[in-house]
Structure formats: structure tokens, C-alpha cells
Amino acid sequence: MTKHRSAKITIAHINDTHSHFEPSSVSLQLPRDVLDADMSVFASCGGFSRVSSAVKDVKRQAHLQGREFMFVHGGDCFQGTLYFSLYKGLANAHLLNAVGVEAMALGNHELDMGNGVVADFMDHVSFPLLAGNWDLSQENPNKPNPLAHKANVLAYDAQQDHARYLIKDVDGESIALFGLAIENMAGIANPDPDTHFHNVIEVATKTIAAIHQAGINKIIVLSHLGYDRDLELAQQVTGIGAIIGGHTHTMLGDFSRIGYGVTDDYPHQVNHTYVVQAGCNALALGQLEIDFNADGSVARAGGINQLLLGRQFTLDASRSQHLDETSHEAVKQYLLAEPSVRFCIKDPLVENVLNEHYRPAVRQLQTQLVAQVSEPLRHTRIPDSKGPSQIAPLVVDSFVWQARELGVPVDFGIHNAGGVRASLHQGPLTSADIAGRLLPFAIGLMTYKVTGKQIRQALEGAINNAIDNGVEGTGSGSFPYTSHLRYAYQCCEPQGERIAHLQLKRDGQWIDINDETLYVSVSSGYTATGKEGYDALLDSHKEPVPLNVTMADAFEAFARHHGELSAPVETLVDYHPCDCTHESVA
């Protein structure tokens, strides 16, 4: 019989970094007595150079206190900025190695472009990927770069019927870590069809039993399920000491003294399990201190999330309007006493990696003028009192324009609102603005043939999903914007009858869509493959055809062609918030 001992470990963690290797500008709302006024100041926050410095400091402190240390990532390192647009997973592999990540969960955005990019990424990292409910047992072995037999991919073990797991040694006592990813990965990403995901609760339960059978009683889960799902996991499954999460960009802890409020305690306890998450975009570092009893139960859990700040504060986001010396010192002293922030220098080793390998090309793109934006263009996912998005329709226009430029006679285009990530300010528009902020997801365009009935079903399904109308949706990002296609959504009609006035613009005239007629549409590969309510498109008469052009490439070419961008003249989406006098009919 195994004789167990207690174990103490500090686990630093980040999640959803989305290629944000550079610092971001954040606004800090300070109490009136700091500067004798209610005002915000701006600070440089996060970035991988600061993450690296903070991790080294936390590791040093842990060892001084006689604690073991580990640094993990909760998934979704892909997408987000020009660094990913230019280098895909290579820059992430290089930078995650440089900051010392020891294990990572599989995020949904890692699979936006299929398994191949993940496989290439894993060939360059020095840490394992924890994806315990990802079944690779049926993977085609003739792929250019299969994942199933990579030693650093700790996926589902189909023969043993549980997750593979990592063992961390703490002074001779073992702690087991395994990873869990969203089961509905095919609904929100693009995993290869020969790999699939098992139920989270079932895999967790079987894996914990297997770990106990192996003589280990201290267990930590690295999750990319989202905060609410993590809480459910902690509620339903016993034997987990801590769940270190990601996906929902949740920043646990008290940030009320700098204007960001409180979202549950850090760590948050559910039964005997402690749940943590550390925001997003490499702005913060989570620091979980967990002490296990010999029997595997948790004796104590503590720690903190901290924003990683530089030491200069300004009055504007561009950081050009400086505080006077007295005010600057007052802000600094206030923040030095604030537990939720940590002042960090930039690690010169990480700065050197960026400067030597990646920054030059990114800086060059940041100065390349593409077009002028003649007025501010607002983006909102779901139309509100100010109207629909002004930029999403232009994005879809660019899809239609690009397809036609390539000789494909598309009738219209459809795009999900979540694929557009920013509003645009008036003024010059650069390549960096497009690929780094507006359309950071490196997803290609596809054309496909569908009937009018399928288009009607897809539009309704996407909006039902976005607003949870008769269905349990996956988020507001599925709301559809269109080009050369207009419609009305009637929220209170029975399900299946909510799209009205569906029309196609052809030769300058609006004509009714015929349910039986076959049309050609263009969308991102995400929408074209039926994600998030667009499943009606999966009944297309043949597989979608890739154009081998990304969304950002299409929009940049479109913007260069026009030279100037302004708000659409026509509103193609007639949507009003639900205000039914009776319940919607599901």
C-alpha cells in the first residue's frame, strides 16, 4: 500500500493569451482621493516579457517558502494578433517555450484550422498538451503529420478508457494533472473528422479512478471548458484538488479598487475543489497556492490574480498625455499598495526573441497604409438601439468581392458577427489593423451551394443560437450579417417561421429568394461548415470549396481597391429585440 505524504505547490497560470506577446494599454479607475478627482489613468499591462519576469519571481518566492512550483497555460494561445497571422503556431511555440510553460490545455482556437496546425505546433514545443477527452485513436495514420503517437500529446487513451495524465513530483510525492476540452469542439472549431471528444464528466470520473488505482491521490485538472462548466465539474466530480481553467476569459479576484469589480473569490471553492482562471491576453498572472494533505484532500488553497503593470501612467490610451510628477507619484504609491497589481520589468531574454525573430515583420505591417476610414465604424454583434454593426457588412462585402474577383459567381455572402473583433476609428487603416485587430482569426473563405430554404433555416438557426430563442445557444457571435442578401427576423413567430422578407440583390434589384432555387454563397470556413446554428448549410449539395484566401486577405484587398471605407448606405438586417406578449414557440 502506498504511503502518501503532504505536498505543497504553487502553480502560476495564464490562459487565452491569443498571441498577445506585446503589452496592452489598460484603463485603471482610481478612487477620488488619489488624484482629488474621479478619473482614469492608463498603464502598459501584460505581454510575454512581463509574464516571464513575473513567473520567475513567483517561482523564486515559492522555492524560498519550501514549495514546489509549476507554470501552466489554460488553452487558446492561437489567433488574436498579427503574430499569429504571420507565423501561425511557430511564434507561439517559440514564445511559450521562452516563458517556461510546463503544460497546456487544448483550447478551441487551437483547432480553428484543423489538427495539422496543432501537430506542427507540438513538434516545436517543449511541454505536453493535456487533452484528456480528445480521442485520436481513429486518426488517419497517412496524414502529413498525425497527432496520435506524439509523446507530448496527452489525449484520451482508448484502450484504457481514460485520459493520459502528467505526473508532477513534489519532494517524492506525485501530483497527477490531466486536461479537458469542450466536447462540442466540432460545433465551434474545426477538428479533423477522424478525431472526436468524449463527455467531460465521464472522462474525468474514469481518469480519477485510474489515477487512484495507480497509487496517486492528488489531482489537478487543466481545463478549457469555461468558468461555469468548471464549477459544474467541481460540483459533479469528487477527487479533484483544483481546476485551472480558461475559455471564458474570467478574471477571478477583487479588482474593485482599480475599477474592474469582483468576479468571485480567487480561488473559488466548490465542495472540496478550488477553481481558478486568469483573464485573457497575457494581462495577468494567476498564482494558485495549494497544500495537499497526505490523503489527497486540500488542507489550504490561496493565492491571487495580478495584472502585470509597467511603471509609467498616462491620461490617454495612446500613452502620450503624461501626468505631472506629483500626480504620477501618487498613482504609483497607490498601486504599489494594491494587491491586485504587480509591477514587472520586461524579461530581456524574451524581448530578444521578439526583436530577433518576429517584431521586424510585424512593425513593417503596422505602418503599411491600406485605406482611409472616412468615419468611425461601429461594431456590435447583435443590433441594438444604435443599429446593427457598421463594419461587419463591409467585411461580408469583401468576401463577395473577392470571390467574384477570383471568377466565382457568388450570389451573396454571410458572416457571423463574432468573426469581426473590433470597431474602426476614423483615419488611416493599416494591414496590422486588419489582420491584428479586426479579423485576427486566420480562417479561409469558402463558397458553397445551398437552396433558399437552407439559407432561411441557417439565418434563423444562427439568430436563435445568438439570442437563446427556443434553443440553448453558444453565444452572440453567431448573429449573421450579409452582403447582397437582406432579411427580417420575427422573434415571436414559431420556430422555423422567423425569417421573413428574404431577398437577393441581383443587377441592382431586390428579388425574393425562392426556397427551391439553388444559390451560391461565400462565408468563412467557420460558418460554411455549419458552426453555431448554421448547421442547415451542412446539407449543401456538395462540400464547400475553399478559395485559399483568408478573411483578412480578402478585406485588405477589398479596402485597397476602394481606397476609402464608410458606413453602409443600406441596412440589410431587420432585427428587433424580443418583446413578445406570449412565449416563443419552440
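**Disulfides, a covered helix and the cores**

Author: Taking a disulfide as a pair of cysteine sulfur atoms within 2.5 Å, the count here comes to 1 disulfide. This is a predicted model, in which local features need pLDDT of at least 70, side-chain atom pairs count only at pLDDT 80 or more, and totals for chains, interfaces and linings use all residues. Residues are numbered from 1 along each chain as its sequence is written, and side-chain values use heavy atoms, with hydrogens and water left out.

Reader: Which cysteines does the disulfide join?

Author: The bond runs from Cys491 to Cys578, with an S to S distance of 1.6 Å. The torsion about that S-S bond is about 65°, so the disulfide is right-handed.

Reader: Where in the chain do Cys491 and Cys578 lie?

Author: Helices (H or I, at least four residues) and strands (E, at least two) are DSSP runs, numbered from the N terminus. Cys491 is in the loop between strand E28 (485-489) and strand E29 (499-506), and Cys578 is in the segment after strand E34 (573-575), so the pair ties together parts that are 87 residues apart in sequence.

Reader: Is Cys491 buried or exposed?

Author: Buried means under 20% relative accessible area, exposed over 50%, and partly exposed in between (1.4 Å probe, protein chains only). Cys491 has 6% relative accessibility and counts as buried, whereas Cys578, at 39%, counts as partly exposed.

Reader: How many residues of helix H5 are buried?

Author: In helix H5 (residues 115-122), 6 of the 8 residues are buried, which makes the helix mostly covered. They are Asn115, Val117, Val118, Ala119, Phe121 and Met122. Contact means heavy atoms within 4.5 Å; the cover over these residues includes helix H4 (89-99) and strand E5 (103-105).

Reader: Which residues touch the most other members of the largest nonpolar core?

Author: A nonpolar core is a set of buried Ala, Val, Leu, Ile, Met, Phe, Trp, Tyr and Cys residues joined through side-chain atoms within 4.5 Å. In the largest, of 123 residues, they are Phe71, Phe121, Trp134 and Phe555. Helix H11 (residues 392-405) gives the most to this core, 8 residues. Another core, of 49 residues, lies apart from it and includes Ala103 and Ile175.
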